[in-house]
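Thanks for making time this morning.

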Amino acid sequence: MKTPRRRWVLALNITLVLLLGLLAYGGYTLLYGGTSAASGTTRTVTATKATVTQTVSAAGTVQSASSTPVAFGGVISTINVKVGDQVTQGQVLATTATTVLYAPTEGTVVSIAGAVGSATNGEFLVIQDWSAFQVRTNLSEIDVSKVKVGQTAKVTINAFADHPVDATVASVDLVPVSGGGNNSAVQYGATLTLGSVPDGAKPGQSASVAITVNKVDDAVSVPAYVVQGTGADRYVNVLVNGQQQRVDVTEGIKGDALTQITEGLNVGDQVVPPAVTVSTGTGTQRGNTGGGFPGGGGGGFQGGGQRGGGR
């Protein structure tokens with residue numbers, strides 16, 4: 001025979017189990033959306049007008065925009081500068097018994113080949129202009145056709161991650177700089193000129209490059225993840241009068257986060273994200289991916305079709 005205390009403990013345990021079950025279901029509904037039996041709502045995202053931007057990303061290396069090798073010949077009598085010195089045009093750099101070497105330009109001495117008493121015949125030192133920088137990057141064979149001289153970019157020098165720099169594509173190589181073999185990708189070099197750079201930036205530092213290759217303003221757009229289908233057969237599910245309806249769409253620019261819709265959607269349309277399948281350990285549940293604003297009650301799919309486009 002159960003005592004009152006045992007019955008109380010049993011009732012408490014049952015209550016805790018029910019409470020945990022309700023919390024788990026509520027958490028799932030919050031994270032994954034879907035149609036709620038209690039509220040009868042379906043999570044949606046709204047088609048809006050926005051700027052859609054497509055970029056090409058690559059890694060790069062900071063370089064001086066101007067690097068001047070200086071040749072010298074003879075047995076060196078004196079060297080009047082050292083690596084790291086700032087020099088002005090016409091400043092004496094070195095001498096032999098019969099020759100004086102003058103700086104052909106202003107800048108920073110970055111290398112010296114030779115020592116007093118040694119003979120030199122060729123490149124003796126290099127002067128770089130550190131008042132202007134550029135970034136050298138390599139582009140994949142897929143991306144290079146999208147990149148044109150004059151396009152704008154954002155360059156983030158990794159040592160100054162909080163200070164992205166405006167840049168412009170200055171040149172794109174016509175022939176590949178690497179690849180072509182069985183196990184290597186074909187890449188093409190490109191040079192970007194930088195605007196003002198953070199103090200302390202130096203040649204050789206690594207950087208991340210994002211080149212804007214396409215951009216459209218005031219485009220009817222939705223998050224890229226809500227567009228379904230393959231190839232030219234693209235569609236979204238729109239909530240119409242509480243029912244989900246398949247709507248065929250035509251894509252324009254496919255941006256980094258948003259996709260332009262040129263036909264099929266209007267501003268304000270409520271688009272239902274595609275369903276996801278979640279394994280809970282006791283079965284499989286389905287719900288639509290999160291985001292957006294609640295629409296009307298969920299329901300079955302109605303026939304597909306084409307709607308007015310891209311206004």
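Let me begin at Asn241, which counts as exposed because its relative accessible area is 78%, where exposed means over 50% relative accessible area, buried means under 20%, and partly exposed is in between, with a 1.4 Å probe and protein chains only. Asn241 sits in the loop between strand 14 (233–240) and strand 15 (243–254), and its phi is positive, about 55°, although it is not a glycine. As background, most residues other than glycine have a negative phi.

Before I go further, a word on where this comes from: it is a predicted model, in which local features need pLDDT of at least 70 and side-chain atom pairs count only at pLDDT 80 or more, while totals for chains, interfaces and linings use all residues. Residues are numbered from 1 along each chain as its sequence is written, and side-chain values use heavy atoms, with hydrogens and water left out.

Asp218 also has a positive phi, near 50°, and is likewise not a glycine. Asp218, however, is placed in strand 12, and with 59% relative accessibility it counts as exposed.

Now to the chain as a whole. It has one helix and 21 strands; these are DSSP runs numbered from the N terminus, with helices being H or I of at least four residues and strands being E of at least two. Of the 311 residues in the chain, 33% are buried. The accessible surface comes to about 17200 Å², and 54% of that belongs to carbon and sulfur atoms; such areas come from the Shrake-Rupley method with a 1.4 Å probe, and for residues only the protein chains shown count as cover. If we take contacts between residues at least 6 apart in sequence, 68% of them join residues at least 24 apart, a contact being heavy atoms within 4.5 Å.

Which residues have the most contacts inside the largest nonpolar core? They are Leu139, Val147, Val155, Leu192, Leu194 and Ile211, in a core of 25 residues, where a core is a set of buried Ala, Val, Leu, Ile, Met, Phe, Trp, Tyr and Cys residues joined through side-chain atoms within 4.5 Å. At least two residues of this core are supplied by each of strand 2 (48–75), strand 8 (119–140), strand 9 (152–157), strand 10 (165–172), strand 11 (187–194) and strand 12 (206–223). If you click on Leu139 and set aside its neighbours within four places in sequence, you will find contacts that include Val56, Ala58, Val147, Tyr188 and Ile211.

Strand 5 (residues 92–95) is joined to strand 6 by three bridges, and Ala94 is opposite Leu101 in strand 6.

Val100 is also in strand 6, and at 38% relative accessibility it counts as partly exposed. Together with Val92 and Tyr102, Val100 forms a nonpolar patch on the surface, with about 240 Å² of accessible area. Patches are made of residues with over 30% relative accessible area and no salt bridge, like charges being joined within 9 Å and nonpolar side chains (Val, Leu, Ile, Met, Phe, Trp, Tyr) within 5 Å.

Finally, charges. How many salt bridges does a search of the whole structure find? It finds eight, each being a side-chain nitrogen of Lys or Arg within 4 Å of a carboxyl oxygen of Asp or Glu. One of them joins Glu251 to Arg234 at 3.2 Å, N to O; Glu251 lies in strand 15 and Arg234 in strand 14, so this pair ties together parts that are 17 residues apart in sequence. Glu251 is buried at 18% relative accessible area, and Arg234 is buried at 17%.

Another salt bridge joins Lys146 to Asp143 at 3.6 Å, N to O, with Lys146 partly exposed at 33% and Asp143 buried at 18%. Asp248 and Arg246 meet at 3.3 Å, N to O, and salt bridges with shared partners join Asp233, Arg246 and Asp248 into one network.

Notes. Two strands pair if DSSP finds at least two bridges between them.
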